[in-house]
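Colleague: Please take a close look at one part of this model for me. I would like the account in one piece.

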Amino acid sequence: MSLLRYEPRFFADLVKVILPLTAETMAGLEAGDLVSLSGVLYTGRDQTHRRLCALLEQGEPLPVDLRGQLLYYVGPTPARPGQVIGAAGPTTSYRMDAYTPQLLALGLAATMGKGARSWAVRQAMRQEGAIYLATIGGAGALLSKCIKKSELVAFADAGPEALFRFEVEGFPAVVINDLAGRDYYEMVAAKQGS
Amino acid sequence: MRLIDPAAVTRAVRDLAIAAACDLEPDILDALLAARDREISPLSRNILELLLTNSDIASREKIPVCQDTGIAVIFAFLGREARVGGDLAIAIQEGVRQGYSEGFLRMSVCDPLTRVNTMTNTPAVIHLELVEGDTLRLCMLPKGCGSENMSGLAMLPPSAGKPGIVRYVSELVVKAGSNPCPPVTVGVGIGGSFEKAALLAKQALLRPVGQPADRRDVADLETEILTVINEQGQGVHGMGGNNTALAVHIEVYPSHIASLPVAVNIQCHAHRHKEIIL
């Protein structure tokens, strides 16, 4: 029994954004903008970050050049036969806060997950000229439809925490932290008068 | 004494794990629909619409609702007139292993120190309770940790009373912001001891979303806390509006005269739960 029969329908009036981001594109984005992402991004979560930063500390090369790229915090479910990927929604971003400044210093242009970032990460974003986006937590089935290709890049033994390269099309997100240092969660809270 | 085949337990747990990940129950779908209908923020209304679309895709195409298919928490209520003809815990763990593997679910369980993934999503967390009757009731609650991580417990002084409880629970939920994927269901355990309160908070999530507590004063407290949380206006995913929480469920248990334990277990909007009676 299904109570619902919805056709997939996303936000209207999304700002179309091509990945990897250019400096010009990023400068045009403001906190609160609803965007639709198309192009290439890389994925990583807790263990991926731990390993990337361990490589950096040892002076070893990273398995992928993250300069100018968007890193999406996700640990997908395995694809069933015939599927590109399983459910692939965002994980909570604050757990990556300890590692993010190092990756931003390297030239990572943007990160995407859900939930607010630490003050240190926000300062690092301002310093390095990076932005942060949130996508829809708990919408893993729907978001999987926007992933057209998935390729394992590194850390296969970490299972769902491996580093993947995704090709996405029309992937919905909200700009939370823009280049001007604004934070959309704070703007919403301020509007409530709290 | 009725005999229950452990192989039947394994099959049941396997099927519950797969079904829970992909098919939301009518209680949470109804709660999300009602939230959409009363939502005042256009953006949050849009996101609620999107979440309903997501559950529909998940159910039709057997893709998990959320990629965090959770650590499996299983409540086993075993009737005193029933006996499992083997090891109940082993039967349950094997069901979890099979379900997560055969259902293409995510292996999300690791050693807490080395962080090495067990790659089977076991061990599950099992709570066994002896009850009246001759059946085995299995409740599966695959728990995502975006919400689990925002949970908390306070050993309040009894003088804090109801106002202290309202403040602690509402501040915890509001401080969690968009991390636990609101609109959330808030499980609250009041009383007992340190660990009893935590267990009650989790057990409160087994109740159908929005069903009030039996005790009138407890139900009133649920309504009061829900109102305070939603008045803060954080809304769906922190995007603003009047639906930060869908429901507050409180379970109570007598406590020590010196103590007022309050535990809060937060559940995301993808509130996955399934049960079966064997």
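This is a predicted model: local features need pLDDT of at least 70, side-chain atom pairs count only at pLDDT 80 or more; totals for chains, interfaces and linings use all residues.

Modeller: Start with the second largest pocket. Its lining draws at least two residues each from α6 (184-191) of chain A and α6 (161-175) of chain B. The largest share comes from α6(A), with 4 residues. In total, 20 residues line the second largest pocket. Nearest its centre lie Y185(A), V174(B), G177(B), S178(B) and Q234(B). The lining divides into 7 nonpolar, 8 polar and 5 charged residues. The volume of the second largest pocket is about 320 Å³.

Now the interface between the two chains. Here 50 residues of chain B are in contact with 53 residues of chain A. The size of an interface is often given as the accessible area lost when the parts come together. For chain B and chain A, the buried area is about 4,100 Å². Carbon and sulfur atoms give 60% of that area. On the chain B side, L50(B), Q67(B) and F104(B) supply 17% of the area buried against chain A, more than any other three residues.

K145(A) pairs with E61(B) in a salt bridge, and their closest N and O atoms are 2.4 Å apart.

On the side of chain B that touches chain A, α2 (26-38) and α3 (42-61) each supply at least two residues. The largest share, 15 residues, comes from α3(B). By class, that side of chain B has 21 nonpolar, 20 polar and 9 charged residues.

Note on methods
Residues are numbered from 1 along each chain as its sequence is written. Chains are lettered from A and ligands numbered from 1 in the order in which they are written. Side-chain values use heavy atoms; hydrogens and water are left out. On a 1 Å grid over the protein atoms alone, a cavity is a set of points where a 1.4 Å probe fits but cannot get out, and a pocket is an open set with protein on both sides within 12 Å along at least five of seven lines; lining residues have an atom within 4 Å of a point. Grid points are joined across faces, edges and corners, and a volume is the space filled by probe spheres set on the points. Ala, Val, Leu, Ile, Met, Phe, Trp, Tyr, Cys and Pro count as nonpolar, Asp, Glu, Lys and Arg as charged, and the others, Gly among them, as polar. Contact means heavy atoms within 4.5 Å. Buried area is the accessible area (1.4 Å probe) that two parts lose on being put together, summed over both. A salt bridge is a side-chain nitrogen of Lys or Arg within 4 Å of a carboxyl oxygen of Asp or Glu.
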